[in-house]
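Here's a friendly walk through one structure. Have a look at it first, then read on.

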Amino acid sequence: MSKFKKKQANTKQSVPTSAMPDVVFMLLIFFMVTTVLREVELQVQIDYATAENIEKIEQKRLVSYVYVGPERLGGGRYGETRVQIDDAMVDDINAIRNIMYDKLIEQPRLIVSLRVDRDSEFGIVTDVQQELRHAGTLRINYSTRRQV
Amino acid sequence: MLKKRGRGDAEIPMSSLADIAFLLLIFFLVVTTIDVDTGIGLVLPPIPDDTTPPPPVRERNLMNILVNAQGMVLINEQPAAIPSVRERVKSFINNNGVDPDLSESPDDAIVSIKTDRRTPYNVYIDMLDEVMGAYEELRHQASMDRFGVPYTSLEQGSERRAEIQEMFPKKISIAEPDEG
């Protein structure tokens, strides 16, 4: 017994830290993979509608967003309902078909996620949908939150 | 002497590696948003070709849902409350030719959705949610009968899932908008 004790006393007292970089790297790689870096700056106000029967979009890389909502004018005021794609407001609604067609060429399995403010009227969404049909981007997704 | 030195300094210093990794880790932690994109998926109909007429659809196989400017839902021109849409759609799809006014088979059944320019968006989503719910319930039922497991537990892209999807295909049509 005493022999055993003596042996233990001879071992190092410090906590082994050599595995720490491995653990940190593993976490790092996880976060690197899950991160989507490019988030656009919203220039329109969007309160999402809620729904029960929703599906997840697993492949974020396929998704392109179209934002529809009242324009933020600053000072908490809101203007007309406008359409925003990426970082720019769309002035001419007929330009959407060219923008979307270019995106479709780049990504043939494109899903267009329509992020529409819950209080907007459907007419502008219809216009956007017509443009998407002309562009050939037929897979769409109405972005909604889960109902609580 | 030589041997001793070799023993002491054989390792590359690793302590700074952890610091660098931590720095990167913190950066990615801060910029990551883990919210998943959720929504109601739909496939738009392609732009109709002028040369080919649309395929003929029998009246009974078509369910017209109109959401008008006042946010009222009309099924085949009759007003309907939004919570009742699910049952109506379910009985319409799963009729299998019993009722002469409803669909012949789930494969033939088409739900046509029409909106007005002034339809409130959230009413449209609520209605679409009910329609999707009807399909989801039918698929769940079919999955329970056939495999004894809920539809949601069937794996994405699996054969069983495809089979259920084929039994109740989502034939939702967005009607052409009116001019003007």
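## A bridge inside chain B

Let's start with Glu104(B) and Arg58(B), whose side chains meet in a salt bridge, N to O 2.8 Å. (A salt bridge here is a side-chain nitrogen of Lys or Arg within 4 Å of a carboxyl oxygen of Asp or Glu.) Glu104(B) sits in the loop between α3 (82–93) and β5 of chain B, and Arg58(B) in the loop between β1 (38–43) and β2 (62–67) of chain B, so the pair ties together parts that are 46 residues apart in sequence. Helices (H or I, at least four residues) and strands (E, at least two) are DSSP runs, numbered from the N terminus.

Keep in mind that this is a predicted model: local features need pLDDT of at least 70, side-chain atom pairs count only at pLDDT 80 or more, and totals for chains, interfaces and linings use all residues. Residues are numbered from 1 along each chain as its sequence is written, chains are lettered from A and ligands numbered from 1 in the order in which they are written, and side-chain values use heavy atoms, leaving out hydrogens and water.

Over all chains, the structure holds 13 salt bridges. Which residue does Arg117(B) pair with? That's Asp127(A), with the closest N and O atoms 2.9 Å apart. This pair crosses between chains, from the loop between β5 (110–115) and α4 (121–147) of chain B to helix α4 (residues 122–135) of chain A. Arg117(B) is partly exposed at 38% relative accessible area. (Buried means under 20%, exposed over 50%, and partly exposed in between, with a 1.4 Å probe and protein chains only.)

Back within chain B, Arg86(B) forms a salt bridge with Glu137(B), their closest N and O atoms being 2.8 Å apart. Arg86(B) is in helix α3 and Glu137(B) in helix α4, 51 residues apart. Is Arg86(B) buried or exposed? With a relative accessible area of 14%, Arg86(B) is buried, whereas Glu137(B), at 28%, is partly exposed.

## Nonpolar cores

A nonpolar core is a set of buried Ala, Val, Leu, Ile, Met, Phe, Trp, Tyr and Cys residues joined through side-chain atoms within 4.5 Å. The largest one has 57 residues, and Leu114(A), Tyr142(A), Ile65(B) and Tyr124(B) have the most contacts inside it. Its largest share, twelve residues, comes from α4(B). There's also a second, separate core of eleven residues, including Ile46(A) and Tyr67(A).
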